[in-house]
Structures are given as C-alpha cells and as structure tokens.
Amino acid sequence: MAKVWRVIALALIVFFAVGPLLWMVLSSLRPADQLFVSDPSLIPSGFTGEWYREVFASDALQWFANSLIVAVFATLISLVVGTTAGYAVTRFTFPGRRLLLIGLSVGYLFPAILLLVPLYLVLSSLGLVGGLTGIVIAHVTITLPLATWLMKSFVEAVPRELEEAAWVDGLGYFRGFLRVTLPLLRTGLATTAMFSFILSWDEYLFASVIAQGDNVTAPVAMAGFVTSFDIRWGAIMALSTLVTIPVVVLFFVLQRYYEKGLTAGGVKG
Amino acid sequence: MTLRPAFLSRGLTGRQQRAGMAFALPAALLFAAILAYPIFESFRTSLYSIDLLTGDASFAGLGNYSALFGDAGLRSTVVNTLLWTVGSLAGQILLGLAAALLIDSDWKGMRWVRQILLIPYVVPVIATALIWQWMLDGHYGILSTNLQGAGLLETGVSPLGQESTSLWTVILVNVWRGFPFAMLVFWARMQSIDREQYEAARVDGAGAWQEFRHITLPNLRSAVIALLALRGIWTLMYFELVWLLSRGGPAGSSEVLATYIYKIVMGEFRVGYAAAIATAAGLLITVIGLIAWLGTQLRRRTNG
C-alpha cells in the first residue's frame, strides 16, 4: 500500500514538473481554431507546423543567432579567464590572492539587478550600448564568477604531484599547465562551458537594457512579443520551445557532469 | 634583511609567486573593470541626482538616501519582496524535500525520473514566464479556464491580473522553477547518510516517520542552511521571473525590489535614486550575511 501511494505522489510531482512543458509543445503544434477556445481539449485533433513556419519567416533566426554569438563569446572568455584564475588561486600563493578570492565570492553572490545602473553607465561611456559586444561584457559579469568558482573546484581535484613532476622536468609553469593540467580538466571544462552557456542564453535583464534594434537576443525579443495587442500564443509557444530545446539537449547530453554545476549555482535565482 | 617583496626575488618562491600572479592577472583585471569599479560607481552615483533624459547631474549628498524613507511605494515593495522570498523558499524547500524523499529509492528507472524532475530548473526563464502566462491567460489559458469553470475565478480573469492573487501566482511559478534545485541538494545529501543508522533504528522498532524525523532531517540541516543562504540572496533580488510574468503589477501588487529599481531606471530615468536603493539593498544583504556568518562562527566555537 505504501508503495502505491509513493507511485501516485511521484506521478503527481512529475506531472507538475513536466506538464507545463508538454503543454508548451502541444500548443506550438495546435491549429489556431483549437488554440483560442475557452475549453481546450488536452490532445489536439490535428497538428500544424504553421506557427513554426511563421516564426522562421520572422526575424527569429536573427535573434537566435545573436543569442548564440553572445553566449559563445561570454562562455569562451569566462572559460579562459576563469580557468587560469582558478588554477592560480589553488596552486600558487601570491600577493593579492586573498583579495581575488574575496572578489570572486562577492561577484558570485552579487545580484545582477544591483549592477544594472553602474554597468550601464560604464558601458555607455565606452560607447558599447546597443551592440552585441556590450551584452557579452555584461554577461561575463555573471558567467565569470561562476566559471572561476567551478574551475577552482575542478583544479583542486587534480593531483598536484603530476604538475610538480612536470616542473622538475623543466617544462615551466605555463607549459606544465597547458600540457599536464589542462587535459585532465576536460570534464570540468565541459561542465563549466555548459553552465556559462546556459546562464548567458537565459539572461534577460542586462540584454534588455543594452540590446537595440537588430542586436536583440532571443529572450528580449520574445518578451517584446507579448506586450503587443494581438498575442499570438501559437507562435510564442513555438519560440519558447525553440529557446528551450538547446538547453535541455545540452543538459541531457552532459548529464553525467551536471550535478556539480547545478549545486554551484549554474542557474541563479 | 631586505624589504624587497618575495615576488621580486630570484628564488623558487619568487618564481612561483610571479607565475601565480601571471595566471591570475586576466581575472583580476576583469573583476576590477566589470565588478569592483561598477560597484564603486554605483555608490558614487547614489550621491548624485541624475536624469538620464536631460543629462542633468547635480550633487545630492545623502538626499537620495533620505528620500528612501519617504517613498511609500518602496515600503509596500519591501513587504512584497519579503513575502516573495519567504514564500518562494518555503515552497521550494518543502516540495524539494518531498521530491527528494520520493526519488531516494533504487527502483529501476529512478535515474530518469530524477533527470526529468530537474528540467524545470534549466528551462530558460523567458520560456517559463511565457508558458505560465499562456496557461494562466484569462480567456484561453488551460489553468484559468478550469479555475473559472470551478467557480474559483471570475470569467475572463487571469490570476496574474488581479491584485489579490498576482504575488502568490508569481511565487507558485518560482516554486515550480526552483524546487528541483532543492531536491537535488537534499537528494545528494541523503546519499551520504550512513545507511547503518536506518538499520539500527529499524532494529529498535522505529517507523518510517520516526526514521525521517530523527535520522534524515537532522542530517539535512546543513543543506537547508546552505540553501537558505544562497537562494535567499538570489531570490531576494531576483528580477527576471517577476518582471516577465507580471511586470510587478497590477497596481504594484507583485512589485519586488528588483522590478522597482528597474522601473526607476528604465521608466523614470532617475539613475541616482535607483543607485541609492541598490546600494542600500546591497548593504542590507551584506549586514544580514555578516550576522549570519558570525552566528555560525559563534555556534561552532561554543559547540566545539
């Protein structure tokens, strides 16, 4: 009997978690005459691709391309800078190390909204408001602390003796890092890249303030869709499905590695 | 005795320190440029009265800060923010705990159930907001129309669109989005509980409830504290979900600090005042964090 209740409770919770997502996908495939009724049936009697066609005929591809470019650059910068910094603070003692660690924790915890005004002022004085470069820089403020934090914990897991042997062999610090440590950090790098990418792909606040004209990212453009008078829910659900797919696919492909990233705050808020 | 710092010396220590500094340099520069400097700027800006539209800027001293106390909108916003934070965290932790207990079994396929339950946490927040807006749409939304059919909601109304329910609806969506994280943290912690404790309890004739109460819960204490600290800060100042779901409305009924600041910057262009709210909120969080940290330190000392 206890087992039956357990299965029922589990089914309810799974339904709560997945139901909205199934509804999103179903709605994106539902013909208009079945979408805008006051008593929608659970399963549509027919499917349509018209919403996806409509989305692809609009500027959506441009928005997704922008999001992709921003996320890739923000991820690359955070990965390079975060890995070297994570390496520095775990392997070496040097003046300023403590300060860097404190800055890292503050940056990691710092809520984005508190950075909005000053970051906007700095970017606008540099003439970077409106373009993708400005969005990349803004996203790095979010992804870099996470990347450094994650890479620090991955470097800690690599045995020190390997590098020391390399140093003794006369490989030098930098080449020792490149040839010995870096290959051992592969899974760490994959995890960190995935979560940096998700954070940037997901980000709305900074992008909504910085992006202008053709340079909007997908979340910003999608948010603008709803405020218009005639809400095209079919197209909106198609867009939502499209913006969700890359993240969920990444998540399942890299599922072996996700736990550390998630618990380290791979998704803020 | 030389006064030369070690990193300038020629020995091994000197070389190692230089290597460390070289590896840290890019991050140090970036942190300084995009975090430290803006935070300093934020404080400086808060001392000015700035209008982005006209470009006027004049020194206001602490004027922006004293204006905080006379801001009636801010007061109800702070109350909402506290409700939002407490409600979201309580919901996420309770549902997360229930889910963690349910997936903590060696049934076949449980790994997949765990994966599936984690999905809401990685769905982009824009998609989350749009899905729920659609389901809660007053005319065609599946949830709203069913609630209306059951007589729990007036016809044509969305729970996001009426003042009495908007905040709680936004909280519900945040629970949907955040409970998988709590589940993961609890579940991971449960895996490290010594199974012998349960066997010993069973020998003593303990029931499932007593096992949960006396073994599982005490072992999850540290996880709960960590969750509350981290998620507490992020939820307190979380912007995206509230903004995208309700824009803080209707009539400010779901306004939280983050959306309030955003509106003052983007809607009213009063940058100095927004910076003052941000700085005050930042200071408040820091103070609360310090007190919590000191508390755990003191506790550790008296216990050990």
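What are the helix and strand percentages over residues 78–292 of chain B, and how far apart are the end C-alpha atoms? In this predicted model, that stretch of chain B is 75% helix and 0% strand, and its end C-alpha atoms lie 20 Å apart. Residues 78–292 of chain B are listed by UniProt, in an unreviewed entry, as "domain: ABC transmembrane type-1".

Chain A was divided by the domain assignment into domain 1, residues 1–48, and domain 2, residues 59–263. Taken over C-alpha atoms, the centres of domain 1 and domain 2 of chain A are separated by 33 Å. Contact between them involves 7 residues of domain 1 of chain A and 6 residues of domain 2 of chain A. On the domain 1 side, the elements of chain A that give two or more residues are helix H1 (2–28) and helix H2 (32–35). H1(A) provides the largest share of that side, with 4 residues. By residue class, the side of domain 1 of chain A that touches domain 2 of chain A comprises 4 nonpolar, 2 polar and 1 charged residues.

The largest nonpolar core contains 162 residues. Apart from neighbours within four places in sequence, Leu116(A) is in contact with Leu205(A) and Val209(A) of chain A and with Ile261(B) and Val265(B) of chain B.

Methods:
Residues numbered from 1 in each chain as written. Chains lettered and ligands numbered in written order. Predicted model: local features only at pLDDT ≥ 70, side-chain atom pairs only at ≥ 80, totals over all residues. Domains from an automatic or database assignment. Contact = placed C-beta atoms within 7 Å. Nonpolar A, V, L, I, M, F, W, Y, C, P; charged D, E, K, R; others polar. UniProt positions renumbered as here; feature names shortened; annotations may be inferred. Core = buried A, V, L, I, M, F, W, Y, C linked by C-beta atoms within 7 Å. Buried ≥ 20, exposed ≤ 12 C-beta atoms within 10 Å, placed from the backbone.
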